[in-house]
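Hi,

Here's the structure I said I'd pass along.

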Amino acid sequence: MSATIQASPVEKLSQEPLPTGDSCVLVIFGASGDLTKRKLIPGLYNLACEGCMNPQFEVLGIGRTAMSSEEFRKKSGEAAGKSRDARDFSESGWEDFEQRLDYMVGDINDPNFYPRLRDRLQEMERSGSSPNHLFYVSTPASVAGPIIEGLGAVGLNRRDHGWTRIVLEKPFGRDVESAHALNDIVRGVFDEKAVYRIDHYLGKETVQNILVFRFSNSLFEPVWNRNYIDYVEITAAETVGVESRAAFYEETGALRDMVANHLLQLLALTAMEPPVAFDADSVREQKVQVFRSIRPMSVEDAARFTVRGQYGSGMIDGKQVPGYRQEPGVNPNSTTETYAAVKFQIENWRWAGVPFYIRTGKRLARNLTEIRVHLKPTPQALFASTSSAIDPNVITISIQPDEGISIAFDAKRPGTQVRTVTVQANFSYQASFGSKGPVAYETLLLDSMRGDATLFTRRDEVEAEWRIITPIEEAWAQLPTRDFPNYAAGTEGPAAWHELLENRGNAAAHAIGRDSLA
């Protein structure tokens, strides 16, 4: 049995004012695409409303779709008005913001396009636009190389006056070889300090709070190691299916889509050593050391320590939904995984013997992204004469949908006998601060304008992630094809996930682990 208590009331604090970005022209490749409409434009609109935009900030959208700048502004406004990310959207606010938007038709695979882009930017500068250029590659990774080389061919990679930076969206390659090849292209054109490889999870408030929670609280820092922690779970569960991303997902799968970047980043922040400073090089160096401490898996390891799954039809929110193979655009015999779970071992002094369980899946029972740190149980001799079982302490860092931190600990139940109950001390961002902070893309867009790369990934970091993931993909290709589908939509996923936890020989911990999706 468990109960919930609230932590001591925290006086509601106002949000800190956000800094102002540098002046720049933001050039978005793929401006007519889904990411620009759903995330980039709403995020930029919010930043403008918050007063974070330099007066000399403009957007130049690049896309194949033929339309005028006026049409681009209209479509962007319609998308922003429908977006949940565009806070306090208003017609008057949009009229002010849209004056910053322009559009240019261009085929990014055509080398003749880039001289025209250079001429357009030079013309804008002569008319009073900023000399600083921020290129955002919001396109599939397969065309990132030609864009980078095209910019370099016409000298847009460097400036005699002002700065040039480039933002690259994930996935950054699809394995070690392709990531290394793309990095070589980038290195041949741009200085590494000008390259911002984006992972939007790193822009989430609670993800940034992991390091503050770990390293600024003497209550937790001393026990954050193998002596006190039993195991760690990192979960990213979704109720949605593949929606309109079938073509992408068929080529990618859950392991590449989520584990290879987002969830490995959460693992690194949970496991890393304290950096000497909260700056880009110090933080990223410690994350790389974590990845280097994870031994690549053999085929035998992958068979024992990974779980693949694919959802079949089932019930979500009381409605019947189709299985993955029945989704539009999906091969009816597809063996692409929509669920992936991996047991990682970090072979260093702090974490030797502590398993890290990562799992992600679509069409699961609920939307949930969280980190659960399970501490080892205390000796039970003191309570041996009672019938009460003492549950181990659990620290839960909730990333979405409800951002916050909770701590499960044991307390005596009121009465004349010694009986225990598990209670929760809860911290909520919403309850404590009254409003949500900037969404992830706002934070990362603003950081890229300011030249702060702390929340972006470095070249060696990306390749280190793929050195972990690629052997698993290769092992899965050699192992027998799974009998898909192997879990129904609306459930917790494949039964093999529970078996992976049960093999630890800790039934109590297994029960706690299941609660996160129950």
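Quick definition before anything else: pLDDT is the predictor's confidence in each residue, on a scale from 0 to 100. You'll need it because this is a predicted model. Residues 505–515 stay under 50 on that scale, and the model has 18 contacts for them beyond four places in sequence. At the other end of the numbering, residues 1–10 are also under 50, with 20 contacts beyond four places in sequence. Where pLDDT is low, the predicted coordinates should not be read in detail.

Now the inside. The largest nonpolar core has 141 residues, and the ones touching the most other members are Phe29, Leu44, Leu117, Tyr136, Leu151 and Phe344. Helix H8 gives the most to this core, with 14 residues.

I looked at Leu44 in a bit more detail. Setting aside neighbours within four places in sequence, Leu44 is in contact with Leu26, Met53, Phe57, Val59, Phe97, Leu445 and Met449.

Back to H8, which spans residues 246–271: its axis comes within 9 Å of the axis of H9 (residues 280–292), and the two cross at roughly 105°. Since angles of 65 to 115 degrees count that way, H8 is roughly perpendicular to H9. On the H8 side, the contact uses Leu264, Gln265, Leu267, Ala268, Leu269 and Ala271; on the H9 side, Lys287, Val290 and Phe291. By type, the residues of this contact are 7 nonpolar, 1 polar and 1 charged.

Cheers

How values were computed: Residues are numbered from 1 along each chain as its sequence is written. This is a predicted model: local features need pLDDT of at least 70, side-chain atom pairs count only at pLDDT 80 or more; totals for chains, interfaces and linings use all residues. Side-chain values use heavy atoms; hydrogens and water are left out. Axes are lines fitted to C-alpha atoms, for helices over the stretch in contact, and angles run from 0 to 180 degrees between N-to-C directions. Helices (H or I, at least four residues) and strands (E, at least two) are DSSP runs, numbered from the N terminus. Angles under 35 degrees count as roughly parallel, over 145 as roughly antiparallel, 65 to 115 as roughly perpendicular and the rest as oblique. Contact means heavy atoms within 4.5 Å. Ala, Val, Leu, Ile, Met, Phe, Trp, Tyr, Cys and Pro count as nonpolar, Asp, Glu, Lys and Arg as charged, and the others, Gly among them, as polar. A nonpolar core is a set of buried Ala, Val, Leu, Ile, Met, Phe, Trp, Tyr and Cys residues joined through side-chain atoms within 4.5 Å. Buried means under 20% relative accessible area, exposed over 50%, partly exposed in between (1.4 Å probe, protein chains only).
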